[in-house]
Amino acid sequence: MGMFDSIHFEGKEYQTKDTPEQALDTYEIRGDELWWRKTEHDWVEDEDAMFGGYLQETSHEWIFCENFDGLIRFYREDEDNGGYKNNAWIEYKALFMNGKIIKFERNQ
């Protein structure tokens, strides 16, 4: 196990471990382009919080991933068909070059 990133595609949120960092980052596929949500955070001390505090987002911006080349597999529960309890998933594969999709398919 480990951390994963989120990808938003056609109004749905998917998980992936195929992005460069797997740091709970957020990506979005817009048309045929991959975008990354870069965020800045401050540490907020809070003795009632786990670890004595938490990260609070202070700003964000969307950045086109123009230097990304690679395959990203992303998936989510297929709730209409029983979800994880029924081992029902929706999964896609997208091959990118220079941040743009050059091949795309849905796994069956």
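## Aromatic pairs, core and surface

Phenylalanine 96 has a relative accessible area of 2% and is therefore buried, where buried means under 20% relative accessible area, exposed over 50%, and partly exposed in between, computed with a 1.4 Å probe and protein chains only. The model is predicted, so that local features need pLDDT of at least 70 and side-chain atom pairs count only at pLDDT 80 or more, while totals for chains, interfaces and linings use all residues. Residues are numbered from 1 along each chain as its sequence is written, and side-chain values use heavy atoms, with hydrogens and water left out.

Phenylalanine 96 also belongs to the largest nonpolar core, which has 15 residues and in which Ile29, Leu34, Ile72, Phe74 and Phe96 touch the most other members. Such a core is a set of buried Ala, Val, Leu, Ile, Met, Phe, Trp, Tyr and Cys residues joined through side-chain atoms within 4.5 Å. Two or more residues of this core come from each of β1 (5-9), β3 (26-30), β6 (70-77) and β7 (89-97), and β7 gives the largest share, four residues. Strands here are DSSP runs (E, at least two residues), numbered from the N terminus.

Aromatic rings form a further theme. Rings of Phe, Tyr and Trp (its six-membered ring) pair if their centres lie within 6.5 Å, and planes under 30 degrees apart count as stacked, over 60 as edge-to-face and the rest as tilted. By this rule the count comes to 12 aromatic pairs, two of which are set out below.

| Pair | Centre distance | Plane angle | Type |
|---|---|---|---|
| Tyrosine 14 and tyrosine 92 | 5.7 Å | 75 degrees | edge-to-face |
| Phenylalanine 68 and phenylalanine 96 | 5.8 Å | 65 degrees | edge-to-face |

Because phenylalanine 68 lies in the loop between β5 and β6 and phenylalanine 96 in strand β7, their pair ties together parts that are 28 residues apart in sequence. The other pair links tyrosine 14 in strand β2 (residues 12-16) with tyrosine 92 in strand β7, 78 residues apart. Tyrosine 14 is buried at 3% relative accessibility, and tyrosine 92 is buried with a relative accessible area of 10%.

Elsewhere, aspartate 42 has its place in strand β4 (residues 33-45) and counts as partly exposed because its relative accessibility is 44%. Leaving aside neighbours within four places in sequence, aspartate 42 is in contact (heavy atoms within 4.5 Å) with Tyr54, Leu55, Gln56 and Thr58. Leucine 55, in strand β5 (residues 53-64), counts as exposed at 55% relative accessibility.
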